Amino acid sequence: MRSYDWWQTRLADEFFGPDKNGTPVLFFIDKQEQERLHNGTIGIEALGPAVSAELDWRKNPFWPILDRITRWRRTGQEDPPPCLPLLAACVLAATEVQRAAQAGAPPYYVRLAEVLKPSYGSAPNEDFLKNGYEDVVECWDNLSKWLSVQGGSRGLNTAHATKGRERIGYAQSQALVRASDRDALTAFFRLTDTSKRNVPISEPKLLRDLRMWSGKKSLSPRLREALDTRADDVLLGPLLVSLVGSTHITTPLTSRETLKELKLRLAADEDPVDGWQLHWHAATVEGISADMLKYSQGELTVKAQDGYTSYILSGRLPDPALALSHGFSARGSALRVSISAGRHVIALREDFVAGAWVEVSELTTFEPYVFIIDRSGEQRMQTFLHHAGLPWGTPQETSADGWYALPQVEFADDGLLGRAFNVVGLSGTSHTPSRRPRLDGGLRVRLDSERSNYLVGGEPDAILPALPAGMATLLDESPLAGDLEARISLRGRDLKSGPHTIKSPNGDKSFELHNPAEPRQLPEIDITPLSGISDQAIKVRVVGDSFFIRADGTFIPVPGTRLPAWWTRRGTGLQVDGYADINVPDDAVWVVTTGENDRNTIVLLRDIEPAFGHLGEPAREYWTRLVLDQQSGTPHFKKWRRYREEFFRRSMQPGAHHV
């Protein structure tokens with residue numbers, strides 16, 4: 001994943017998630033906040049270099065970000081506009097400006113040039129950034145409009161500019177108040193007349209009262225500095241007024257900082273009768289054994305069980321169709337949960353621990369997925385699969401009205417999958433290049449839904465990517481392979497039925513083995529001439545072509561002896577052999593199987609004399625391949641000779657070749 005895209009997702013989750021419903025957005029980013037958000041993530045650059053890598057340092061630096069926004073406008077615009085990393089870098093630059101000593105625009109662009117310094121080379125010219133900065137103002141405008149369209153469900157806009165600061169004022173307005181200041185300011189507002197509805201708010205009085213407030217020490221150093229110097233009153237006054245307004249629609253009875261997040265993920269099971277059933281899955285949160293979460297329509301309860309990694313969910317659970325379309329949020333005494341509104345495509349992967357297909361936020365190759373889509377997401381998913389090099393399947397109905405399941409989706413090319421994300425993208429989902437172990441081949445129990453379930457004796461191969469030197473891959477805690485890339489056969493290892501796990505530093509891969517059902521015993525059929533056997537069966541090898549021959553010389557294929565299509569699709573790697581139990585037609589006299597090296601196995605079923613009629617071209621060609629086989633030494637060679645002679649006689653008749 002590109003560093004810029006990682007930051008876009010990280011910032012969207014942190015500042016513009018569904019849990020910000022009715023909450024003022026305080027898009028504060030300083031060095032400490034940047035480090036907290038980055039958290040040392042391997043392979044991801046810091047905010048400034050990540051943004052710098054996307055800019056055009058030859059012409060207009062910010063037009064690539066506007067180009068991203070143009071493409072974003074063609075989508076459903078479910079997530080914030082893709083300019084968040086750029087705007088965050090602008091706020092970071094604003095926090096770096098020492099306002100008390102240096103006011104005005106020049107220091108800001110100097111700091112912005114330092115923030116956007118590429119990982120190579122020198123910092124860009126500040127005048128170059130200043131000349132193109134109108135594009136940044138347009139980015140702030142796009143963010144403001146998106147928040148307005150969301151109706152406050154993803155936060156309330158607080159970014160603004162004042163006269164004299166029409167360009168850099170947006171970033172500066174976000175560099176004053178941290179998210180941690182909100183609870184303290186809410187307590188302050190409730191002590192003043194501003195907490196009363198319909199009471200006019202005076203900016204000067206609000207600032208004066210806040211400076212005199214005894215609890216001012218609980219505010220962040222940056223906000224206290226702004227209050228003491230008064231240099232930013234023109235920005236701080238309107239910002240405080242917007243925060244006052246938000247206290248009328250939000251009631252922080254429990255601080256968001258004290259609640260742990262409960263991940264309520266969509267899950268699905270395929271019922272053989274009722275089809276795809278949608279429900280919810282929630283992994284346990286450390287330290288929380290139970291909680292009751294309340295929302296407008298009722299309450300839901302989570303309770304942990306010893307030895308389990310997920311909660312038991314009870315109470316009034318949200319309807320999946322409504323929650324996915326309109327969003328959902330609830331709060332308890334220890335937990336909070338929030339589901340984004342307006343989702344149209346959700347990816348699910350098989351989770352052996354949960355015993356269901358469970359929602360995931362990352363897609364990779366060689367893993368089976370089920371996609372849950374609504375009609376709005378159908379076209380997007382079709383386009384996504386097209387660019388990923390996969391065909392479009394037939395969506396299946398689910399238990400949620402208006403939502404459909406698209407099973408059997410497995411990506412095989414990291415490059416094509418990455419291209420699909422670049423061209424189309426899927427909200428809330430990203431692409432992770434695969435370095436995990438994967439399975440190939442094997443005899444699966446079911447081809448369609450239970451992709452990681454195999455028969456004992458039909459185990460797949462393990463494809464293991466290379467590892468750092470000295471590291472190893474384990475199979476059920478036992479060494480499987482070293483640090484080199486390898487393909488390891490899992491057959492012949494005496495693996496028992498039940499779950500198994502391949503453990504690698506790059507990730508784990510689980511699968512399950514099942515004992516095959518005992519074969520059904522059928523009565524052996526004597527190959528001596530039979531009569532009245534239409535309700536009985538004979539065993540016919542599945543290797544080669546088999547045909548029944550009638551007394552009139554015509555033939556019919558023996559059903560069920562050709563290799564079924566699923567055998568090839570599953571790529572078992574097993575030797576092909578075996579017998580099929582076939583019912584004998586009433587008029588069949590012979591059964592002929594042509595195997596390797598065109599060798600025929602001919603069995604007499606009924607003692608009936610030949611009575612050939614006119615033979616068509618296919619029958620003539622078939623007999624041409626059989627007529628030289630004398631079947632010498634077999635009990636039926638005399639009967640077979642009469643059938644051969646009958647073919648010769650019919651072939652010599654004038655006009656026989658025209659039939």
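Colleague: In what order do the 3 strands of the open sheet sit, and is their pairing parallel or antiparallel?

Modeller: Strands of a sheet pair through backbone hydrogen bonds, either parallel or antiparallel. In this open sheet the order is S16-S18-S21, with antiparallel pairing. Strands (E, at least two residues) and helices (H or I, at least four) are DSSP runs numbered from the N terminus, and two strands pair if DSSP finds at least two bridges between them. Before we go on: this is a predicted model, where local features need pLDDT of at least 70 and side-chain atom pairs count only at pLDDT 80 or more, while totals for chains, interfaces and linings use all residues. Residues are numbered from 1 along each chain as its sequence is written, and side-chain values use heavy atoms, leaving out hydrogens and water.

Colleague: Which are the edge strands?

Modeller: Those are S16 (438–440) and S21 (486–489), each pairing on one side only. From one strand to the next, the twist averages 30°. That angle is taken between N-to-C directions, on a scale from 0 to 180 degrees, using axes that are lines fitted to C-alpha atoms, for helices over the stretch in contact.

Colleague: How many bridges link S18 and S21?

Modeller: S18 (residues 461–464) pairs with S21 over 4 bridges, in the antiparallel sense. To find the spot on screen, look for Ile 463, which stands opposite Arg 487 in S21.

Colleague: Now S7: which of its side chains are buried?

Modeller: In S7 (residues 328–331) the side chains alternate. Buried means under 20% relative accessible area, exposed over 50%, and partly exposed in between (1.4 Å probe, protein chains only).

Colleague: What does S7 pair with?

Modeller: S8 (residues 335–339), antiparallel, through 4 bridges. A hairpin of 3 residues joins S7 to S8, and Phe 328 has Ile 339 as its bridge partner in S8.

Colleague: Which strands are joined by bridges to S10?

Modeller: S2 (residues 264–271) is joined to S10 (residues 356–359) by 2 bridges, antiparallel, with Ala 268 opposite Trp 357. S9 (residues 345–351) is joined to S10 by 4 bridges, also antiparallel, and there Arg 349 has Val 358 as its partner. The hairpin of S9 and S10 has 4 residues between the strands, and in it Gly 355 takes a positive phi near 70°.

Colleague: Why does His 281 count as buried?

Modeller: Because its relative accessibility is 16%. His 281 lies in S3 (residues 275–282). Contact means heavy atoms within 4.5 Å.

Colleague: And helices: at what angle do the axes of H5 and H8 cross?

Modeller: Two packed helices are described by the angle between their axes and the distance between the axes. For H5 (residues 84–96) and H8 (residues 134–149), the axes cross at roughly 115° and come within 10 Å. On the H5 side the contact is made by Leu 84, Leu 86, Leu 87, Cys 90 and Val 91, and on the H8 side by Val 136, Cys 139, Trp 140 and Leu 143.

Colleague: How many residues of that contact are nonpolar, polar or charged?

Modeller: They divide into 9 nonpolar, no polar and no charged. Ala, Val, Leu, Ile, Met, Phe, Trp, Tyr, Cys and Pro count as nonpolar, Asp, Glu, Lys and Arg as charged, and the others, Gly among them, as polar.
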